[in-house]
Each structure stands twice: as structure tokens, then as C-alpha cells.
Protein chains: 2
Amino acid sequence: MSFNLATILQESRRENPDKPLCHINDLEFSYAQVDEISGRVASALRGLGLEPGDRVAVQLPNLPQFLFTYFGILKAGLVMVPLNPLLKAPETAYHLTDSGARVLVTFEMFAEEAVRAVELAETGESVRTYVVNLPGNDERPEGTLHYDELYFAEDFGEPEPTGSDDTAVLLYTSGTTGRPKGAELTHFQMYMNCTVGGDLFGFRDDDIGLAVLPLFHIFGLSSVLNVAVRNGGTVVLVPRFETAAALEAMERHRCTILAGVPTMYQEILHSDTGGRDLSTLRVGVSGGASMPGEVMRAFEEKFPGMVILEGYGLSETCAGATFNINAEQRRVGSIGKPLWGVSVRVVDPDDQPLPPGPDQVGEIVVRGHNVMKGYWNRPEATAEAFRGGWFHTGDLGYTDEEGYLFVVDRKKDLVIRGGYNVYPREVEEVLYEHPEVTAAAVIGRPDARLGEEVVACVSLGPGAKATEEDLIAFCKERLAAYKYPREVRLLSELPVGPTGKILKKELRPLATGESGGAT
Amino acid sequence: MSFNLATILQESRRENPDKPLCHINDLEFSYAQVDEISGRVASALRGLGLEPGDRVAVQLPNLPQFLFTYFGILKAGLVMVPLNPLLKAPETAYHLTDSGARVLVTFEMFAEEAVRAVELAETGESVRTYVVNLPGNDERPEGTLHYDELYFAEDFGEPEPTGSDDTAVLLYTSGTTGRPKGAELTHFQMYMNCTVGGDLFGFRDDDIGLAVLPLFHIFGLSSVLNVAVRNGGTVVLVPRFETAAALEAMERHRCTILAGVPTMYQEILHSDTGGRDLSTLRVGVSGGASMPGEVMRAFEEKFPGMVILEGYGLSETCAGATFNINAEQRRVGSIGKPLWGVSVRVVDPDDQPLPPGPDQVGEIVVRGHNVMKGYWNRPEATAEAFRGGWFHTGDLGYTDEEGYLFVVDRKKDLVIRGGYNVYPREVEEVLYEHPEVTAAAVIGRPDARLGEEVVACVSLGPGAKATEEDLIAFCKERLAAYKYPREVRLLSELPVGPTGKILKKELRPLATGESGGAT
């Protein structure tokens with residue numbers, strides 16, 4: 001009954017040891033290499049006195065060392081705590097303290113910040129900090145250790161026989177409220193997700209996926225890395241999303257699968273592909289936010305032979321909860337149907353299931369193999385999220401008669417104007433139809449009379465001429481009177497998070513505030 | 001993180017509701033029907049006051065009601081306790097008492113015995129007994145209930161969100177020693193086994209498997225029923241193995257997969273197929289005992305287009321532990337290699353791994369997703385079986401340089417003659433080479449001088465002329481002096497268990513006793 005997620009690596013290695021598991025620039029690592037190096041890392045970590053269940057924080061961009069550390073942690077029966085390398089020292093310190101991490105692996109570029117974080121952290125004992133250097137560099141702050149030291153141990157061999165419900169990954173997420181909480185994702189859950197997920201979009205062992213999504217997020221970790229390893233495929237690591245670099249990597253390594261968030265698709269769409277041969281691309285997986293129908297259509301026109309399949313999930317549901325499984329069965333605008341073994345419902349505020357229909361909007365709740373064990377050390381938050389036995393996503397949506405799910409918005413993003421629900425996404429979809437709009441985010445601004453007023457933050461493409469008034473008029477023609485934005489703010493760009501998601505939180509002060517943003 | 005094994009039924013039903021899940025004679029039940037009826041059974045069982053985790057004993061031959069009850073129990077979050085219908089009342093009583101079953105489902109033919117068993121059982125409260133009748137009959141002993149009563153409840157709907165490591169099936173097995181113990185098989189474990197197992201022999205949704213192995217054993221339950229349901233295929237139920245009935249059913253329903261124990265293959269091999277068209281058969285899965293190489297070769301000659309793939313497993317390893325995955329990679333005489341995610345070792349009496357080589361015989365130990373949670377209420381037996389973190393199978397074997405496993409025998413069947421190990425299977429293989437031998441079992445007889453003496457129990461085909469002396473001479477020519485049987489007993493037939501396995505236990509009194517068996 002033991003099961004260790006690292007089995008996906010070992011079995012694919014057994015099948016085809018010399019197959020490249022990952023490319024990065026001109027470097028490649030085979031399955032055998034990643035398996036062996038991660039086995040050494042596993043031994044080194046256990047050699048420090050860490051015991052199964054102990055936490056190791058990994059704050060790395062998409063580098064091969066991410067893979068070595070991740071699989072090493074799993075093999076050793078330890079718990080992986082992936083952290084965004086861009087976190088500031090007090091934020092990292094919070095995560096170290098909350099998780100009780102004993103080791104931190106960081107990258108040279110962020111090492112000074114990591115050292116400060118370790119000083120701030122309250123973990124009882126000091127957190128050993130290992131620094132990954134780029135080739136040729138050897139510098140690291142005092143008190144930190146070379147990552148290479150983790151290479152010198154003997155191969156761990158057979159992975160620790162963890163229980164299938166033991167926690168493999170502790171993934172921090174802000175959820176709907178409060179400070180980040182660690183979602184406990186188990187070996188079983190992560191195995192199921194990459195197995196069921198890979199089947200959904202037909203991942204084959206000759207597929208080559210672009211890993212441009214950060215692997216420290218669940219979408220990149222499960223749907224890109226784990227899916228590829230489970231199926232004996234290959235990933236191309238791109239440490240940071242830049243359109244030109246992504247296009248270059250896709251052409252060079254003949255990528256077949258692209259996984260990204262809508263803003264990435266949007267940027268690629270509006271970029272000059274400069275005659276690059278991207279004809280190997282066959283599937284685009286989109287998630288993390290709703291993809292505007294316009295973008296999907298335009299993207300498939302620009303890259304014929306490619307189909308965009310949209311899915312939906314959260315950290316707590318181990319990436320996948322629903323998916324549009326193929327071009328024939330997909331429904332544009334829908335997030336698809338539940339994954340194999342996953343149940344999804346739309347419920348009213350009393351947790352009663354709602355019937356199908358676009359006017360039956362409620363909270364999306366999920367149950368199944370994909371749902372986390374709970375929030376680490378947060379029994380109340382766990383109980384609250386799981387009330388009635390279903391995990392509450394905080395997303396609002398509805399189903400149609402055939403069971404397709406539609407997300408209308410995040411519950412917390414809902415704007416209530418004069419008693420009417422305005423779903424920002426609906427307004428954003430209209431804005432995206434405007435030929436000059438490249439990004440749009442609709443938020444609510446407190447209003448004495450109406451409760452909230454609808455405000456749109458928009459950025460335009462180069463050379464665009466539309467004014468704020470033009471865009472208001474554009475929306476007014478296409479939306480009911482209570483929905484269209486009374487105010488549009490043109491910004492040079494919208495703030496985005498590490499996955500490329502637009503950060504509405506950061507737009508709110510603008511919307512409540514005085515002047516419009518600079519264009 | 002919840003996962004209920006009944007998901008395999010619900011998802012395949014969602015995919016193709018009208019597809020036949022099972023045939024029996026002229027009757028068929030679709031996926032939708034089995035899903036709905038089992039949902040009613042689930043509600044009815046819970047309606048009796050049973051709570052998740054409570055045990056329900058099912059003592060049925062391969063009838064559709066087996067499927068309804070099995071999936072009903074799973075959906076309700078209860079624990080299935082499959083029992084052999086041929087057990088005598090005191091044996092059934094032991095199982096009811098040990099498992100603490102609250103409900104017993106039996107078949108009309110065995111209902112009187114079941115009533116006696118319930119009287120003998122010490123379960124604290126009375127065991128409700130439901131009787132399955134054949135169509136047209138309505139009789140049942142006083143105090144028992146109609147099975148049909150379980151049909152009248154409302155559909156249970158979504159299965160109980162059991163934890164993936166909750167026990168789904170409590171499967172009694174004698175293991176290596178003592179009275180039968182209940183192996184706790186979890187939802188996760190059984191799911192993994194039918195998924196990994198089905199992939200191994202390439203089960204497709206258009207496959208039709210012959211379910212002639214009893215479903216109350218793990219081989220039939222996991223490798224036949226669960227594999228078919230997981231993959232949206234079909235099973236043909238045959239309540240009792242008789243060669244003619246099996247052949248008839250295979251032709252009528254155009255079976256593609258046959259799963260059986262070696263004695264079944266042997267009987268089919270020696271039978272007159274009378275011009276039946278069995279050309280749809282493509283894979284034969286063999287397990288439960290080692291298949292003599294002679295039988296495999298002869299069977300494939302008789303049924304061209306068919307390949308026999310041999311596997312190995314026990315109740316405690318949820319059927320599959322190793323398998324020969326295809327004709328190209330199989331090794332005749334070997335039980336193959338470990339399943340995906342399963343680790344197998346051969347260890348010496350101190351639990352140290354042995355190197356490869358036919359002279360490096362040790363006990364086969366197993367670890368992985370397929371291994372049971374433990375023996376129900378038997379902490380010592382569980383600890384003993386899992387010493388060193390590996391499940392001890394009680395089977396002796398070795399590996400070759402390429403990792404193929406060979407079983408030489410059950411540890412308890414080993415004969416030690418004058419200090420030399422004699423593996424009965426090796427001697428049996430030689431006996432099967434004799435053209436007149438249809439069944440052979442070699443056992444040890446206590447001997448004052450040598451410790452044990454080698455005795456062979458043999459049955460011959462119709463019209464055979466070989467004498468006991470002929471067979472001794474035949475073996476003497478082919479085996480080392482310390483191995484060949486000094487005594488051969490000709491029997492009209494050898495005693496077999498419900499799966500067709502030869503019961504050496506029952507032969508032992510003969511071997512120690514006075515006269516030879518009647519021919």
C-alpha cells in the first residue's frame with residue numbers, strides 16, 4: 001500500500017533510460033541522469049538527519065536543479081515546499097516558519113534575500129540554505145552552502161515507501177481569504193492528477209512540452225512536469241516567460257505541447273513569430289484564468305494544427321478539476337467537464353446543489369481524488385473549506401444541461417452594483433473583442449449610492465488610438481445598462497503574478513483612488 | 001483526496017451507458033443498469049443502519065447479483081467480504097465472526113448452510129441474510145430475506161467519499177500459516193491494480209473477458225471484473241467452471257480474453273473443442289499457479305492468434321505483482337517482471353537481498369501500491385508478514401540477470417530430502433512432459449532416514465497405460481538422483497480448490513498413509 005510519487009520517474013527511466021527528460025538551452029538531462037542525481041540529493045538530505053515528513057523549501061526558477069531537488073525530496077519521503085523565488089525576505093520567512101522547513105534551496109540571484117529570510121524565520125532551529133549557482137559562478141553569501149554538496153552522496157535507491165496518503169507537496173496558496181496556507185497534496189493525489197490529466201490531452205511519450213509556467217505552481221508542476229515524466233516525455237525548461245525566448249525554445253526543441261495561462265497566449269498571439277517554424281505544436285493547454293473566446297479563436301488561426309484545450313483547477317485541487325478533452329467535445333467559454341474520478345457541483349449559499357442554467361450561478365465545489373488532504377496546521381480553515389464534505393473553490397459558475405461548467409468569476413471578484421451581480425469576466429470578454437485591447441480587468445469601486453461601481457482597467461496595443469470614452473461606448477453598446485463600466489482606466493500594462501495572471505488586488509487601490517494610471 | 005473504487009463503474013457508465021457490462025447465458029446488463037441497481041443496493045444497505053466501514057459478506061457464484069452487491073457495497077462505503085459459496089457452515093461462521101459482518105448475501109443453493117452458519121456465528125448481533133433466487137424460484141429458508149428487497153431503495157447517487165486508503169475488500173486467505181486471515185485491500189490499491197494490470201495486457205473497451213474464475217477470489221475480482229469495468233469492456237459470467245460450458249460461452253459471446261489457472265488451460269487443451277469458432281480469443285492470462293511450459297506451448301498451438309501471458313500475485317498483493325507483458329518480452333517459465341510501481345526482491349532467511357541466478361533461491365518479498373494494508377485485527381501476523389518493510393509472500397524463487405522472476409515453489413511446499421532442497425514444481429514439470437499425464441502434484445512424506453521422501457500424485461488421461469513404475473522411471477531419466485519421486489500414486493483426479501488450484505494439503509494424508517488412491 002505504499003506509494004511514492006517518485007515512482008513516475010523510476011518507471012519511465014526503467015522504460016527508456018537514455019531518453020532526454022529535460023532540455024534547457026543546449027543542455028539536456030536524460031531520465032537516468034535525473035533519476036541518479038535526484039537519488040543522490042535524497043541521500044544527502046536524509047544524511048542531514050531529516051526524517052520522512054520533514055519539509056524542504058525550494059525557491060528555484062525552472063532549472064534542472066528544480067527537478068533534482070523535487071524528485072530527491074520525494075524519494076527521501078520528505079515534503080516539498082515550492083516557493084516563488086520573487087518573494088521578499090519577510091514573505092519567505094513566513095513560509096519557512098509556517099511550514100517548519102529544515103532546509104531551503106535557493107538560486108544565486110535570490111540568495112541574499114534568502115539569507116535575510118532565514119534570519120527572520122522562527123523555525124526553532126536554523127534553516128540550512130543551499131545555493132544553486134549558474135555554471136562558472138561560485139559565489140554565495142556567507143553561511144550558505146553549495147548546492148553541489150547535495151550531489152556527493154550515494155544513490156538513495158528504492159524510494160522511501162511512503163503511504164499513498166502521505167503529503168508529498170505542501171503548496172502555499174492564499175485561497176479565498178487570509179495569509180497563505182499550505183495545501184497538503186498527497187502522493188496518491190498528485191499521481192492521479194498527472195495520470196488522469198495526461199490521458200485527457202493525450203500526452204504521448206514522444207511529446208515535448210514547453211515548461212515555461214513556473215514549476216513552483218501546481219499548473220506547471222502537475223500538468224507540465226509530472227504529466228511529462230509519468231508518460232516518459234520531455235520538457236523544455238524556460239526559467240522565465242518572455243515571448244521571444246519561449247518562441248525560440250519551442251522552435252529549437254520542436255515542442256508539441258504548450259501549457260500556459262491566457263495572458264501568455266495573448267502575448268504570443270500579439271507577437272511577431274518572425275517566420276519561426278512552430279508547426280510541431282499540436283495542443284495548447286490553458287488554465288489559471290478564463291481564456292477569452294476571441295483569444296482562443298485567433299490563436300488557433302495563427303497556429304493551424306493546434307487546438308487549445310481549457311481546464312480549470314486550483315492548488316487545492318492539484319491543478320486539474322475540469323477539462324475540455326478535445327476539439328470535438330470542447331465548448332468555447334466553458335471550462336469543460338470534471339476529470340475522471342472528480343465530482344463538481346454548483347451550490348447556493350446554503351450548499352444546496354443548483355439546477356443547470358446560466359441564471360443559476362453559485363459556488364463551485366469539488367470532491368474526488370484530486371482534492372487536497374487539508375490546509376497544513378489549519379483545522380478551522382480546512383473545516384470551513386470542506387463544509388458538507390465538498391471543497392469550496394471560491395469560484396462562481398454554472399452548468400449547462402449537458403454538464404459543461406462555466407466559471408463566471410471568482411466569488412471575491414464579484415461586483416454588486418445597485419443590487420445586481422456584475423461578473424467582471426463578462427465585461428472583460430466584451431473589452432477583449434475591441435481590436436486595440438490587449439489586457440482588461442474589471443473591478444468594483446466602493447460607491448455610496450450603488451454599493452459598488454464597475455471600473456475597467458485596460459491596456460492597449462502599440463499605436464492604439466482608442467480613448468477611455470470610446471471603450472465605455474463600446475461596452476455600452478454590448479452590455480446591459482447595469483453592467484457596462486462607468487469608468488475606464490488606460491494603463492501601460494496591468495500587474496501580473498508569476499503565472500501571468502492579472503493581479504486585481506493590485507488594481508483595486510487604483511480604482512478607488514484619485515487619478516487614472518499613466519499610459 | 002477521497003476516492004471510491006466504484007468510480008470505475010460510474011466513469012465507464014458515463015462514457016457509454018448502454019454498453020453491456022455483463023452477459024450471462026441470454027441475459028445482459030448494461031453499464032447503466034449495473035450502476036443503477038448497485039446504487040439501489042447501496043441505499044438499501046445503508047438503510048439498514050450500516051455505516052461506512054461496516055462489513056457485508058457475499059457468498060455468491062458468478063451471477064449478476066455479485067456485481068450489484070459488490071458495487072453497492074463499495075458505493076455505500078461498506079467493506080466487501082467475498083466468501084466461497086462452497087464453504088461449510090462452521091467455516092462460513094468463522095468468517096462471519098472474524099469479520100464481524102452485519103449482512104450476508106447468499107445463493108438459494110447454499111441458503112440452508114448459510115442459515116446454519118449464521119446460527120453458529122458469534123457476531124454480537126444477528127446477521128441479516130439475503131437469498132438470491134434463480135428466476136422462477138421463490139423459496140428460501142425461514143428467517144432469511146429476499147435479495148430483491150435490496151432493489152427497492154432509491155439510487156444512492158454519488159458514492160460515499162471514502163478515503164483512498166480505506167478498506168474496500170476484506171479478502172480471506174490462509175496465507176502461509178494458520179486459520180484464514182482477512183487481507184485488507186484498499187480503494188486505492190484495487191484501483192491501481194486494475195488500471196496497471198489492464199494496461200499490461202492491453203485491455204481495450206471492445207474486449208470481452210470470460211469470467212469463469214470465481215469473482216470471490218482476487219484474480220477474478222481484480223484481473224477480470226475490475227479490469228473490464230475500468231476499461232469499459234464486457235465480461236461473460238460463467239458461474240462454475242466446466243470445460244464445455246466455458247467453450248460454449250466463449251464462442252457465443254466472442255470472447256477475446258480468457259483468464260484462468262493452469263488447470264483450466266489444461267482441461268481446455270485436452271478437451272474436444274468440436275469445431276467451435278474461438279478465433280476471437282487474443283490473450284490468455286494465467287496465474288494462481290505456475291503454468292508448465294509444455295501446456296503453454298500446446299495451448300498456443302491449438303489456438304493460434306492467442307498468446308498466454310503469465311503473472312503472479314496473491315490475495316495480499318491484490319492479484320498482480322509481476323507479469324509477462326507481451327509475447328516478445330515474455331519468458332516462458334518466468335512469472336515476468338514487477339508491475340508498474342511494484343518492487344520485488346528475493347531475500348535470504350535474514351531478509352538480505354540475493355543476487356540473480358537460479359542457484360540463488362530465496363523468499364519473494366513485495367512492496368508497492370499493490371500490497372494490502374494488513375491483516376484485519378491481526379497486528380502480529382501483519383508485523384510478521386511485513387518484517388523489514390516488505391511483504392513476505394511465502395513463495396520461493398530467484399531472478400535472472402535481466403530481472404525476470406522465477407517461482408520455484410511455495411516455501412511451505414518445499415521438500416527437503418536428505419538435506420537437499422527439492423522443488424516440487426520442477427518434478428511436476430517433468431511429469432507433465434509425459435504424454436499421458438493430465439495432472440501432477442509432488443509432495444513430501446515424512447521419512448525417518450531422509451527427513452522427507454518425494455512422492456508424486458498423478459492423474460492420467462482416458463485410456464492411459466502408464467504404470468506407477470513407468471512414471472518413476474520417466475522421472476529418473478530426467479532428474480538428479482535426489483529429486484526423482486520414489487513413489488508415484490495414481491489417482492482418478494486430484495483435489496482442486498475453487499480456482500482450480502491443486503490442493504496439496506488434501507494430498508498430504510494420502511502420501512503419509514497406507515494404500516494408493518483408486519484409479
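I'll start with one pair: in chain B, the side chains of Arg387(B) and Asp351(B) meet in a salt bridge, 3.8 Å from N to O. A salt bridge here is a side-chain nitrogen of Lys or Arg within 4 Å of a carboxyl oxygen of Asp or Glu. The pair joins distant parts of the chain, 36 residues apart: Arg387(B) sits in the loop between α11 (379-385) and β20 (391-399), and Asp351(B) in the loop between β17 and β18 of chain B. Helices (H or I, at least four residues) and strands (E, at least two) are DSSP runs numbered from the N terminus.

Before going on, the ground rules. This is a predicted model, in which local features need pLDDT of at least 70 and side-chain atom pairs count only at pLDDT 80 or more, while totals for chains, interfaces and linings use all residues. Residues are numbered from 1 along each chain as its sequence is written, chains are lettered from A and ligands numbered from 1 in the order in which they are written, and side-chain values use heavy atoms, with hydrogens and water left out.

Back to that pair. Arg387(B) counts as partly exposed at 29% relative accessibility, and Asp351(B) is partly exposed too, with a relative accessible area of 25%. On the scale used, buried means under 20% relative accessible area, exposed means over 50%, and partly exposed is in between, with a 1.4 Å probe and protein chains only.

In chain A, Asp351(A) has a positive phi of about 65° although it is not a glycine. Asp351(A) is in the loop between β17 (342-347) and β18 (362-368) of chain A, and is partly exposed at 26%. Cys318(B), also not a glycine, has a positive phi of about 55°. Is Cys318(B) buried or exposed? At 0% relative accessibility, Cys318(B) counts as buried; its place is the loop between β14 (307-312) and β15 (322-323) of chain B.

Now the other salt bridges. Over all chains, the structure holds 62. One of them joins Arg13(B) and Glu36(B), at 2.9 Å from N to O. Arg13(B) is in helix α1 and Glu36(B) in helix α2 (residues 31-47) of chain B, 23 residues apart. Arg13(B) is partly exposed at 22%, and Glu36(B) is partly exposed at 36%. Helix α2 of chain B also carries Arg46(B), 114 residues from Glu160(B), which is in the loop between β7 (145-146) and β8 (167-173). The side chains of Glu160(B) and Arg46(B) meet in a salt bridge of 3.0 Å, N to O. In chain A, a network of salt bridges links Arg13(A), Asp35(A), Glu36(A) and Lys75(A).

Next, the interface. How many residues does the contact take from chain B and from chain A? It takes 32 residues from chain B and 32 residues from chain A, where contact means heavy atoms within 4.5 Å. The two chains bury about 2,600 Å² between them, 55% of it on carbon and sulfur atoms. Buried area is the accessible area (1.4 Å probe) that two parts lose on being put together, summed over both. The rule finds two salt bridges across this interface. Arg367(A) forms a salt bridge with Glu158(B), the closest N and O atoms being 3.6 Å apart. On the side of chain B that touches chain A, the elements giving two or more residues are α1 (7-15), α6 (187-200), β17 (342-347) and β18 (362-368) of chain B.

Last, the strands. Chain B has an open sheet of nine strands with mixed pairing, in the order β2-β1-β11-β10-β12-β13-β14-β15-β16. Two strands pair if DSSP finds at least two bridges between them. The edge strands, β2 (27-30) and β16 (337-338) of chain B, each pair on one side only. Strands β1 (residues 20-24) and β11 (residues 234-237) of chain B run parallel and are joined by two bridges; Cys22(B) has Val235(B) as its bridge partner in β11(B).

In chain A, take strand β5 (residues 103-107). Five of its five residues are buried, so it is largely enclosed by the rest of the structure. Val103(A), Val105(A) and Phe107(A) are on one side, and Leu104(A) and Thr106(A) on the other. Four bridges join β3 (residues 55-59) of chain A to β5(A), in parallel, with Leu104(A) the partner of Ala57(A). β5(A) also pairs in the parallel sense with β6 (residues 128-132) of chain A, over five bridges, and there Val105(A) has Tyr130(A) as its partner.
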